[in-house]
Every structure is written in C-alpha cells, then in structure tokens.
Amino acid sequence: MTTLTDPPKEQFRLSMLLNDTRYRSYTFQFIALLLVIALIAYLGSNLMQNLRAAGLNISYQFLGEPSGYDINQRPIPYDSQSTHMRASIVGVLNTLIVAFLACLTATVIGVIAGVLRLSNNWLVRKLMAVYVEAFRNVPVLIWILIIFTIMTATLPAPRAFRGDDPEASMLFGAVAFTNRGVYLPKPLLEPMGWVVLGIFVLSIFGAIWYRRYATKLLYDTGRLLPMGWPTVAILILPAVLSYFILGQPIALEYPELGGFNFSGGVQVLGSLIALWFALAIYTGAFIAENVRAGIQAVSRGQTEAAASLGLRPRRIMNLVVLPQALRIIIPPLISQYLNITKNSSLAIAVGYMDITGTLGGITLNQTGRAIEAVLLLMLFYLTISLIISAVMNFYNNAVRLKER
Amino acid sequence: MNKSVFLGAVTVAGLAAGAAAAATIDDVKARGKLNCGVTTGLVGFAAPDANGEWNGFDVAVCRAVAAAVLGDPTAVEFVPTTGKTRFTALASGEIDMLARNTTWTFSRDVDLKFEFTGINYYDGQGFMVPKGLGVSSAKELDGATVCIQTGTTTELNLADFFRKNNISYEPVPIETNAEAQQQYLAGACDAYTTDASGLAATRATFETPADHVILPEIISKEPLGPLVRHGDSEWGDVVRWTLNALIAAEELGVTSANIDEMAAGTNSPEVNRLLGTEGTLGEMLGVDKDWAVRAIKAGGNYGEIFARNIGEETPIGLARGLNAQWTDGGLLYAPPFR
C-alpha cells in the first residue's frame, strides 16, 4: 500500500525566471517582445522626427483632390477630373481583374500540365517537364517583358488594317490582333437578350442538377447514365433555341477601324494580355508541380485497387486519384494564388495601370505623398491576401478528409 | 546593463539620423564625391558613352558643381533615376542634387519641399508622330494612342490639353525613354509626347529621323532646372550660383579657351569678381576663390555646353531659341555677381 502525498509546493522565486525551464521561455519571449516594440517605436519616432525636420506631415487629404491624369483601362467611369481616390479604386479593380484571370488560367494550365507530367507517354511527359523547368526558373518579370515585346514587335499596328489591300486582316472579320491589344466583338443585349441570358444561367443550374441526379442514380441503383453529351446539350440547346425563337435579340458590335484605332467592340489591352499570360504560365508551372506532388502522394495501392475493380485509367484519375490529390494540392495552391496577386504589381513594367501603377505610381509621384501611398498599398495587398487566404481555407475545410 | 547599452545605441543612432539632414556641402566635401541624380539615359542631356563616361547637358551642370566644390569635375557619382524615383532619391538624401530635365512647378517647390536653383533649359511639351500618319497638328490626334513617360508633368499636361480641346486619346504609360522609343517605333502608339528637347534628342537616335515629325504645338511651359532639398539654403546657393556662373560666363565672354588668361585679371570688375581675382564671393559661398574658374573649365560656359551637347551642330540639333542670352533675345539672365 502506498500513500500519496502532494509534492511540496514550491514558492515562486524571481531567479526561477532564468533557471526554471518552465518560465525561462516566457522570459525570453517577453524580452524579445520588448525589443521588437522598442525597434518599431524607434523607427516610428525616427520617421516622425525626420518628417518634422523636413517640414512634412502625414495627410490623406490628397485622396479627395482631382488626379489630373488619365488611365487607359477603366472598369468604372473615370477621367482626369476624378479624384485620386477614384484613380486608386480603378487601380484596385484592374489588379483584381488581372489576378482573377491569371489565377483561373494558371489553375487550368497547372492541373493539365501536372497530370500530363505523369503521363505514360514519354514525349508528353518530357515536354511538360521542359515547360515546368523553363517557366519556373526564369523570373516572372522577364516573362512579362518577353510576351509584351513579342506582342508589340510581331503583331501589326492598327494602321496595317487600313486600305483596300491591307497587310493585316481581322480573324473571321471579328477579332483584330494588334500590337495595342486584341479587339473582340461586344455583345449588345436587347431586352429579350436578357431572357436568353437568363435561360442560359438556368441551364447551368440544370446541368449541375442533372449531374448530381446521375451520380445519385449510379450510387443508388448502379445504373450509369451518360454524363458528357447530355451536360453539353442542357447547357447549349435551350439558350440557342430561345435565341432563335425570340428573334436573335443578341447582336454583336464588331470592332471597326476608325481614325487611329479600332473603335467599338471590346479592347483587351496588350499590357493586360502580357501580364495575364506571363503570370498564368509562370505560376501554372508551380501549380503543375503541386498537382504532380499531390497525385504522387496518393498511395499507389489506391490506383491498383481501382484498376483491379476494372476502372479505366481516366476514371481512376477522375474518380479515385484526383479527389484525394485535391486535398493535398489546395494548401500550396493558396500560396500560389497569393503569389499571383502580389506578382501582379509588376504590371508597371508594361504600363498596365494596377493599384501599384495608379496609387503607388502616378498618384504617389504627382502628390509626393510617398509614405501615405505606400501604407495604403500595403494595407490593400494585405487585405486582398488575407481574403484570398480565408476563402481558400474555407474551401479547404469543406473538401478535406473528415477525420473523426 | 544590457538595456542601457541598447538605449545608448538608440540615442546615438537617433542623433546620427538628425545630423545627416544638415549641411550637404560638408557631406559632399567629406565624401569627396558629389552624388548627382540624372536620367536613365537621354542622349544629349545625360547618357553614358561607349566608355561608360556620362555626358550631356545636365551632366555638365553636375560636373561644374563638383568642380566648384571639390575641385574635380570627375568626382561625381551619377545616379540614374526614373521619373518616378527621382524625388524620393533626392528627398531621402541618396543624391545631393538632381539635374534631370525636371520641370519647376509650384507643388514640387512648395509641397514636395524642394528648392529649384535656377533654369538651365526653357522647354515645352510637344508631340512626335511618324510622317506617314499625315498629321500636321496635335489637335488632329483625336482618338490616338499616345505614349507618355509616367510620373512626369507631361502626363498632366497631356490630360489637360486633350480635355481642353475636347478630343479623346488613350494613354500608354511607360517608365523610361528607351521603352517609349521602342513602343513608338513598333507602332504601339501613334504619338510620343514629352518635352520638345527630349523629342529632338530621341528622334536623333532613330535610324531614319526624317520619317518623324515634331508637331508645331507646344502645349506647356517646362522650365527645366537642377534642384536640391529644401532647408539647406547654403547648398542651394552653391548649385544656384554655379549655374549662374556658367550663364554669366557666356554673357561676359569667358570661355574655356580664354579662361586662364582672364583669370590672371582683366579690366572688367565683374569678370574679376566672378573669377575670384577681386572680392571674396567664393568665401561667402563656402568654397574657395577659384570656384567659378574650375566650374567653367569643367565644360566651358553655358553656350559651350549647349553647343557641344544639344546645339545645332549635334545630331539633336536644337536651336538656342528661348535659351539664348537676354542680350540676344532669349530668357537667360544671370543675376549680377556682386
């Protein structure tokens, strides 16, 4: 029989802060925290002191004043009489546009390249390896400049489209590739056009519903409905039918050469294209590696088990491997999305007016409010990055393996 | 103990930071080199030659100041700056003076806290277009795509000009002159706009300069000059009067050829005061009495510098125009040396 006694209660002594391992780490963390605070306070007071010495102050008044400059890509109405604030918002939207396009494209390129890198076909495998290594190992700024320079140097200027026997002609008479960008036809919606658009949106939901239904049927009864062509049919047929029944209410406005430039249609600026593709193929190479790593992390036994059940290779990839790989791929994918958003600030290299170009470039320069503008820029990129992170983490939590 | 050492270090660093703001002239002398901000490359104004040696109209101002203060026109560290980085470079103390075709404006002088020390080139903004475009006036540029160097006053003038004339354009912002040239020549923009002198300098480097015309409209006043930081008037005076010395030297007929002769003493009291054989102007400025002699020897007087770098004999071929001496109907007018 043993008797349990309480361990002797030790009195806390000051020396224990250094000698006792239970407290020592706290002591050092506290000292480190003090040092960090002191450093920040020193830098802050140094800044204030030097600003005062130079007779400057921190003020955000300039945001309300007219900017005085023009921007070539304006998602919202803007002219040179608008405020610096509005110019910044135009910049924010331009950043978001290019980041969104690049994230989407990079994901598509990355997933395809990543899967093909594991292909059984030697040529395809090696080609993808070359792609990944070539694009991953050259700085993205160089890619932006390469694509932009190639576009400006090889594509014709708008004036080449002029005359009876022009040097250049439009693709299908609708799309013009020039060294200033690509001009696309612009859809013009009559009131009935919105109905067609509405029907199209509905058929997207319809297609999703059909696929769910087919999956459920497969799981419940084992009956396999065809997936591919009915989805396409549901997507396209109602919209096309209603388009003709309602008397073709959607017209296209074709770009036309007038004066110095094409007018009408939608212009996609050359700088946007260069930035978009450079970011997409550069980050796509990283994503390809993430995808490959994710696929290879799925145990080989899974593939073999699926094969022994008689599934064909494509089914194995789509039904067994990719769903499991996705869970591994998403966390590194978040950081690639963040990279795209931050790398989009290289836009100034090709004169794309993103937030770094407007607020951090022209506004900063014309008003001389460097500290204010840079602080705002930091705040913006931080906010966007945290939002992307939060959304992707939410998605990650939704798809990850539920462990109980 | 550790803490007090740390606080001590903070105090020292704080003091050092405070001291660095004062007396640029002492810093320059102690360093033995003048840090001068110039463009990243605009032939005729500031560009490195085949040997990496910087040359040009703005560079000559830097060299004259270095010669006046340090006695050596080559004791200059040239810091290439873009339209965007130049003011930060000057405000932060990275450069001692900026000689980079910078337009003297109210807000730069007053709000950005700089001190313009004079005007070395009276310029105005113009447009260059390919001859084949068949444009003869800037007002015909409705709907055109225009290349501009971002972060310059030209950006604002351009917006104002098109707004005033109620015509539209599409700006293509570009970081440096070299990129603008590439875009313009590839036809990615219909017109290139910057200061008329810059257009002439850029055109001079084209393969076939005759295929491009500079439109007659000058849409702005662009007084270009060197500038320094606000709050150090002694240093501002040195740069201001070095530039004035170059201008006055031309007016008074002092050239790099006859300066040794003239520095021995002349009949003209003003020349004597300028060249330090009479009076104590140099000491008042905080340099020695031969300062102006050295500044003029560095590259000649204003007229010589102009003729050698951007004058009619050079490929750039700019006429003196507004930049002639006031006695010849121009605007150059150095205050008296007395």
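The model is predicted, and local features need pLDDT of at least 70, side-chain atom pairs count only at pLDDT 80 or more, and totals for chains, interfaces and linings use all residues. Residues are numbered from 1 along each chain as its sequence is written, chains are lettered from A and ligands numbered from 1 in the order in which they are written, and side-chain values use heavy atoms, with hydrogens and water left out.

**Chain A as a whole**

Please select chain A. Its secondary structure comes to 12 helices and 7 strands; helices (H or I, at least four residues) and strands (E, at least two) are DSSP runs, numbered from the N terminus. Chain A is more spread out than a compact globule, because its radius of gyration is 29 Å, well over the 22 Å that the globule rule gives for 404 residues. That radius is taken over C-alpha atoms, and the rule is 2.2 Å times the number of residues to the power 0.38. The C-alpha trace of chain A spans about 100 × 75 × 45 Å along its principal axes. Of the 404 residues, 38% count as buried, where buried means under 20% relative accessible area, exposed over 50%, and partly exposed in between (1.4 Å probe, protein chains only).

**The largest nonpolar core**

Next, select Tyr131(A), Leu275(A), Tyr352(A) and Met392(A), which touch the most other members among the 63 residues of the largest nonpolar core. Such a core is a set of buried Ala, Val, Leu, Ile, Met, Phe, Trp, Tyr and Cys residues joined through side-chain atoms within 4.5 Å. Elements of chain A that each supply at least two residues of this core include α3 (84-116), α10 (313-343) and α12 (370-399). Its largest share, 15 residues, comes from α8(A).

Center the view on Tyr131(A). Leaving aside neighbours within four places in sequence, Tyr131(A) is in contact with Ile109(A), Ala113(A), Ile281(A), Gly284(A) and Ala285(A); contact means heavy atoms within 4.5 Å. Another core, of 60 residues, lies apart from this one, with Phe78(B), Val228(B), Leu275(B) and Ile316(B) among its members.

Select Ser271(A), found in helix α8 of chain A. Ser271(A) is buried, with a relative accessible area of 6%. Not counting residues up to four places away in sequence, Ser271(A) touches Phe148(A), Val350(A), Gly351(A) and Tyr352(A). A C-alpha to C-alpha distance from Ser271(A) to Met151(A) gives 9.3 Å, although the two are 120 residues apart in sequence.

Then select Ser203(A), in helix α6 (residues 191-221) of chain A. Ser203(A) is likewise buried, with a relative accessible area of 6%. Beyond its neighbours within four places in sequence, its contacts are Ile234(A), Leu235(A) and Pro238(A).

The structure holds 3 cavities of 30 Å³ or more. On a 1 Å grid over the protein atoms alone, a cavity is a set of points where a 1.4 Å probe fits but cannot get out, and a pocket is an open set with protein on both sides within 12 Å along at least five of seven lines; lining residues have an atom within 4 Å of a point. Grid points are joined across faces, edges and corners, and a volume is the space filled by probe spheres set on the points.

The largest cavity has a volume of about 240 Å³. Select Arg100(B), Asn101(B), Gln149(B), Thr152(B) and Thr194(B), the closest to its centre of the 23 residues that line it.

The second largest cavity has a volume of about 130 Å³. Of its 15 lining residues, Arg180(A), Leu269(A), Gly270(A), Ser271(A) and Val172(B) lie nearest its centre.

**A helix of chain B**

Finally, select helix α13 (residues 291-299) of chain B, whose buried residues are Trp291(B), Ala292(B), Val293(B), Ala295(B), Ile296(B) and Gly299(B). They pack against several helices of chain B, including α3 (57-70), α9 (233-252) and α14 (302-309). Gly300(B) follows α13(B) and has a positive phi, near 90°.
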